[in-house]
Amino acid sequence: MLQAADTRQRGPLTVLRRGLRHLWTDTPHPSPLVDQRLASAYILDTRDQPYSAGVAAAIFWITFLLLTGDKGTLVWAVLVHGMQLSMYFHLHGEQPEGYGLERAFAIRRRLESRMLIPGIAWALAPWLFFPSGHLTYIVLMYFFISTVTAVSTAALAQWWRAAVLFAVPGYVSLSARLMLEGDKLTLLMGSLALFQLWGTLHYTLKQHRLIVQSLENGFENTLLTQELSRQLKQVAQLSAQRTRIFAAANHDLRQPMHALSIFIDALRPDRPPTPETLRYMRDSVDALRTSVDALLDIAHFDGDAQKLVPEPVRLAPLFQALAGRFTVAAGAKGLALRFVPTEAVVQADARVLSRLLGNLVDNAIKYTPSGRVLVAARRSRNAAGPAWRIEVRDSGVGIDTQHREQVFEAFFQVDNPGRDRSRGLGLGLSLVASMARMMGSRIALRSETGRGSTFSLVLQAAHAAPAASTGFAPAPVGAVEAPRRVLVLDDEEPVRRAMATLLRGWGHHVALAASPDEAWQQPGHYDLLLGDLRLGRGLSGLAAAQALHAVGKVRRVAILTGETAVAHRAEIERAGYALLFKPADARHLSALLAGS
């Protein structure tokens with residue numbers, strides 16, 4: 001029973017203590033900018049306050065000195081004006097422009113805590129010269145002190161700690177002195193002073209929260225405006241870059257199309273094409289495919305459509321494979337191509353890293369008229385721990401400072417304003433930058449005009465690696481170990497006929513279907529289905545392929561599409577089917593058939 005009574009007794013005290021703690025809690029704001037603004041505003045807004053406070057205090061003590069002749073007014077006058085003079089020099093000695101964000105909260109608390117001094121000074125007035133026994137003078141003192149305290153507290157609303165430290169001593173001291181007087185009227189006035197303290201603080205707290213919320217909203221709006229401005233600037237840059245890409249792509253696509261259309265118009269039934277004409281036509285088709293593939297690559301890498309497979313990758317086999325690819329090209333220009341032996345193992349996607357380094361080596365060879373190209377890996381560190389820095393150095397022409405950002409833009413070439421296709425498309429470094437970002441790294445560039453360039457990226461070190469995989473080497477185009485049975489499902493007749501001509505020329509057995517119904521009616525079973533993703537009349541080539549594959553009509557499936565959306569790619573990968581983007585390369589088709 002005693003324990004229950006004790007619990008009930010402590011209950012209201014606990015609630016009161018929690019309420020007071022909630023009101024008094026003074027913690028850093030989520031945004032340090034708010035604390036910085038409040039600290040700076042405290043100095044700037046209260047620097048001149050000692051003037052008005054001094055006038056109010058002088059009127060107060062002079063009035064009571066004349067009315068009561070109490071010498072305590074002079075003591076209080078010395079105290080209050082000395083305090084105001086001290087505050088004046090203190091406020092003018094502060095330099096708010098030097099308040100840093102890291103110390104803004106501590107500075108604000110220090111400044112606001114000093115408001116306790118004037119609060120105590122006004123709290124001493126009822127004890128130094130209280131007009132005991134003179135009701136009119138008592139009412140006048142009550143009115144004067146409560147008014148000054150209420151007005152000052154309201155003026156300090158944005159600094160809650162300062163408002164509390166000023167208001168509480170004055171009201172509590174006035175209330176205690178009135179109640180000590182003993183009669184009913186002064187007891188009532190003392191109680192009224194406490195109620196006025198509660199009302200003043202309640203109103204001040206509401207104002208404080210509104211002011212702070214306004215500051216937070218202001219800073220948030222400023223940040224949003226800055227972010228919007230940054231994004232608009234980025235959009236403008238992307239728009240300008242896209243304009244350059246389309247302008248360059250327009251040229252790079254139209255040139256081979258123009259040549260191909262002329263070759264086709266020149267064909268006659270009585271004039272078969274010469275081997276040289278066929279070679280030029282093939283070159284034009286290859287140029288078109290290269291341009292389209294490059295544009296698709298930009299969409300894939302920038303849109304994160306490529307699915308990364310991070311794994312430990314040993315650089316030594318990768319360097320060997322790159323040496324095999326580029327040694328002949330470097331030797332043809334008289335360049336020394338060297339890959340420094342390394343034991344490095346990095347965490348990366350093997351295929352993406354191979355393509356990235358291949359583009360860098362190809363670019364180095366292309367822009368190095370004489371000298372050497374060096375590829376090496378050096379130990380390094382990043383925020384996550386041990387790492388390797390992979391460098392591709394050349395002794396080539398170098399890159400001017402004004403072009404070092406632009407070289408990573410699509411279709412930009414420093415010395416190829418005429419868009420000479422033999423110099424490439426200008427997409428290599430753009431793709432390299434995108435691939436590096438995909439792997440959580442970035443391409444660093446050091447260059448000196450006439451002395452050469454060094455491109456590098458840092459990748460996380462790995463502890464172990466499986467047997468190196470440097471990609472596959474496709475079988476020779478059209479090579480056939482054994483004829484395959486191939487079912488081609490496409491709603492476009494020219495595509496079906498062209499595919500049949502190609503595959504039959506390679507010695508395969510080909511059946512054609514324009515719809516899923518026709519595919520079901522084809523007799524027998526097939527080693528491979530080459531199906532279009534989007535068929536006519538809204539039919540899904542993927543759904544048809546899944547149905548044919550499920551019943552064993554086809555053993556393997558490859559989906560051909562011109563769609564680049566990430567969702568389509570993910571759907572095909574989930575089904576476990578091969579994916580080829582149109583226009584499909586004959587070498588990829590040949591490799592696909594070789595594995596069927």
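## Glutamate 493 and arginine 497

Glutamate 493 counts as partly exposed, at 43% relative accessibility; by definition, a residue is buried under 20% relative accessible area, exposed over 50%, and partly exposed in between (1.4 Å probe, protein chains only). Arginine 497 is likewise partly exposed, at 48% relative accessibility. The side chains of these residues, glutamate 493 and arginine 497, form a salt bridge with an N to O distance of 3.7 Å; the term denotes a side-chain nitrogen of Lys or Arg within 4 Å of a carboxyl oxygen of Asp or Glu. Both glutamate 493 and arginine 497 belong to helix H14 (residues 493-505), where they are four residues apart, about one turn of the helix. Helices (H or I, at least four residues) and strands (E, at least two) are DSSP runs, numbered from the N terminus.

## Basis of the description

The model is predicted: local features need pLDDT of at least 70, side-chain atom pairs count only at pLDDT 80 or more, and totals for chains, interfaces and linings use all residues. Residues are numbered from 1 along each chain as its sequence is written, and side-chain values use heavy atoms, with hydrogens and water left out.

## Further salt bridges

The count of salt bridges comes to 12. One of them joins arginine 110 to glutamate 94, with the closest N and O atoms 3.1 Å apart. Arginine 110 lies in helix H5 (residues 104-113) and glutamate 94 in the loop between helix H4 (72-93) and H5, so the pair ties together parts that are 16 residues apart in sequence. Glutamate 94 is buried, with a relative accessible area of 12%, whereas arginine 110 is partly exposed at 37% relative accessibility.

A salt bridge also links arginine 379 and glutamate 343, at 2.7 Å from N to O. Because arginine 379 lies in strand S4 (residues 372-382) and glutamate 343 in the loop between strand S2 (336-339) and strand S3 (345-348), this pair ties together parts that are 36 residues apart in sequence. Arginine 379 and glutamate 343 are both exposed. Elsewhere, Asp35, Arg108 and Glu112 are linked in a network of salt bridges.

## The surroundings of serine 441

Serine 441 occupies the loop between helix H13 (428-438) and strand S6 (444-448). With 13% relative accessibility, serine 441 counts as buried. A polar atom of the serine 441 side chain lies 2.8 Å from the backbone oxygen of valine 458. Apart from neighbours within four places in sequence, serine 441 is in contact (heavy atoms within 4.5 Å) with Ala436, Leu457, Val458 and Leu459.

Terms used:
A polar contact is a pair of N or O atoms within 3.5 Å; within protein, one must be able to donate a hydrogen and the other to accept it, and residues adjacent in sequence count only if both atoms are side-chain atoms.
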